Amino acid sequence: MATPQSKGKLWRLQVYTAAVSLLGIALLLCSLWQLRQTSPEIFIFVALCVAAELTTSEAIAPQLAISMSSAVGFAAVLSFHPVAAVIVGMAGGLATTLVKDAADRRQGRRPGAALLRRILFNMAAFGLSIITAGLIYWGLGGRAGDPLLATNLLPMLVAATVSELVNGGIVALAVALQVQEPARKVWQQNMSWATPMNVLGMVVGGGGLAMGYHIAGIIGAGVFFLPLVLTIYAFRLYIAQSKSQMGRLEDLIAQRTEDLRQANEELTHLDRTRNQFFSVVNHEMRSPLTAILGYAEMLQASPLLSPDQAEMLHLIHENGRRLLELVNNLLDISRLENGRLNILAQPMDLMEAVDQALDVIRPLAQKKRIAIRVDAPPTLPNVMGETRRVAQVLVNLLSNAVKYTPETGRVTVTVTRDEARPMVRVHVADTGIGIPRERLPHVFDRFSRLERDDIAGTIGTGLGLSIAKGLVEAHGGEIWVESEEGRGSTFAFTLPLAAAQDAAS
Ligand code: ADP
């Protein structure tokens with residue numbers, strides 16, 4: 001809908017188109033008057049011009065169509081009096097408008113202005129560009145007849161170029177007034193690129209036609225007209241093909257975009273479902289498991305249990321504990337993946353975490369008569385971290401060390417200051433079965449478990465190391481492993497010194 005502001009500016013467009021149309025009508029009257037002195041063969045050119053428009057016109061952009069009618073108009077300029085040639089150009093303008101109007105109606109587009117107004121304006125634009133071409137051609141010394149005369153070539157070229165610019169300029173100004181943008185910009189964006197092609201079409205096509213007419217009259221013109229029409233017709237087919245290809249591509253892109261949108265929607269839905277699942281796991285599995293473990297522990301303290309009952313209770317407790325560990329591990333993995341695992345880092349004594357971990361691991365180690373040694377400097381600066389989480393890393397590494405070390409082996413925890421960086425290093429070394437070289441790059445992957453005969457029956461989920469890695473990295477540290485099959489493994493990780501973090505902040 002036109003806004004009051006655009007309505008206000010619309011009068012300029014109306015005045016402009018009316019002025020151009022009036023000029024066109026005056027020109028038409030002049031050329032009709034001139035017709036009395038011109039060869040009636042001019043009407044053959046009119047017919048050729050209309051035929052050219054009907055067979056070759058192809059819209060390549062909303063405001064732009066290519067056709068051969070301007071070449072025929074130009075041939076008339078080269079062959080007749082300029083004012084008489086105007087009638088050919090105007091016939092071209094009329095045919096262009098009718099062809100475009102029919103195409104618009106076929107495609108359901110509603111043109112902005114009434115048909116008569118468009119006809120008058122386009123005829124005027126064509127007429128004015130033809131008269132300009134004629135005046136320049138004749139003014140520069142071009143002669144009617146043989147365009148191949150060397151003296152005619154330069155006037156032809158200049159006349160065709162100026163005529164094309166006049167036509168483009170008249171149309172660009174109308175479009176500019178309509179869309180309220182500078183005419184220069186409209187011309188540059190929509191018409192400039194076609195100018196050389198149109199000038200070439202006028203000089204070569206129009207020149208050829210005029211030459212044919214000069215040599216063999218109207219038959220000669222026809223002989224030159226046909227190959228030109230065929231060439232442009234082929235070009236038109238090519239453009240139509242490209243357009244349908246582009247249409248198909250656009251459909252394809254639209255389809256792919258829709259697919260992506262749906263996939264994205266599904267992923268969002270999956271993510272929501274997964275979060276819901278984990279919150280259910282958190283509340284609905286951990287609470288009953290904690291209750292089971294609590295009651296099992298209370299019952300284990302009872303002196304009334306028979307040895308069988310005590311054994312069964314031990315199994316209940318042990319399996320419950322493993323289940324709780326698995327649930328906790330899954331929740332940690334999920335939090336790490338979602339970036340929702342928050343570390344409450346504060347200056348902490350690393351040895352406190354080591355002690356907490358050893359309290360958990362020692363009973364297991366004792367069962368296998370594995371000695372655990374701790375090697376740490378007498379004083380150690382605080383590290384930045386959450387004691388509970390650092391202890392969890394150590395428990396994961398130590399439980400593996402005990403699990404994968406045969407009876408009477410050794411496990412050593414070594415704590416040192418990193419000489420190069422403000423970090424503390426922790427090494428957990430064992431004398432166990434080691435890890436094959438080709439498996440080393442994957443030990444920190446989720447669910448990566450090594451299937452080996454010598455450890456068949458060892459309980460595990462393949463989550464411990466992946467969680468340890470996530471936790472260490474969440475603290476700003478690194479974790480790595482060195483191992484030799486049959487000789488043992490050393491897992492090491494770093495944690496930042498609290499002082500270094502203070503200095504950095
Ligand atoms: P889990 O021990 O529950 O299987 P982890 O993620 O802790 O899962 O370990 C992944 C795999 O790495 C283990 O299955 C084991 O094959 C190997 N691994 C881990 N630590 C050691 C170790 N200290 N010695 C030998 N192999 C180990």
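Surface patches are here built from residues with over 30% relative accessible area and no salt bridge, with like charges joined within 9 Å and nonpolar side chains (Val, Leu, Ile, Met, Phe, Trp, Tyr) within 5 Å. Accessible areas come from the Shrake-Rupley method with a 1.4 Å probe, and for residues only the protein chains shown count as cover; a salt bridge is a side-chain nitrogen of Lys or Arg within 4 Å of a carboxyl oxygen of Asp or Glu. The model is predicted, so local features need pLDDT of at least 70 and side-chain atom pairs count only at pLDDT 80 or more, whereas totals for chains, interfaces and linings use all residues. Residues are numbered from 1 along each chain as its sequence is written, and side-chain values use heavy atoms, with hydrogens and water left out.

Leu22, Ile25, Leu29 and Leu32 together make a nonpolar surface patch of about 380 Å². Leu29, one of these residues, belongs to helix H1 (residues 4-34); helices (H or I, at least four residues) and strands (E, at least two) are DSSP runs, numbered from the N terminus. With a relative accessible area of 55%, Leu29 is exposed (buried means under 20%, exposed over 50%, and partly exposed in between, with a 1.4 Å probe and protein chains only).

A charged counterpart comes next. Asp349, Glu352, Asp355 and Asp359 form a negative surface patch, where Asp and Glu count as negative, Lys and Arg as positive, and His and the chain ends are not counted. The place of a charge is taken as CG of Asp, CD of Glu, NZ of Lys or CZ of Arg. Asp349 sits in the loop between strand S3 (346-348) and helix H10 (350-367) and is partly exposed, at 36% relative accessible area.

Backbone geometry also deserves a look. Most residues other than glycine have a negative phi. Gln180, not a glycine, has a positive phi of about 55 degrees; its place is the loop between helix H6 (150-179) and helix H7 (183-190). Arg369 likewise has a positive phi, near 50 degrees, and is found in the loop between H10 and strand S4 (371-375). Gln180 is partly exposed at 35%, while Arg369 counts as exposed at 54% relative accessibility.

Turning to the helices, Thr96 in helix H4 (residues 82-106) is buried, with a relative accessible area of 15%. Leaving aside neighbours within four places in sequence, Thr96 is in contact (heavy atoms within 4.5 Å) with Glu53, Ser69 and Phe126. Leu315 lies in helix H9 (residues 307-338) and is partly exposed at 44%. The C-alpha atoms of Leu315 and Val77 are separated by 108 Å, the two residues being 238 residues apart along the chain.
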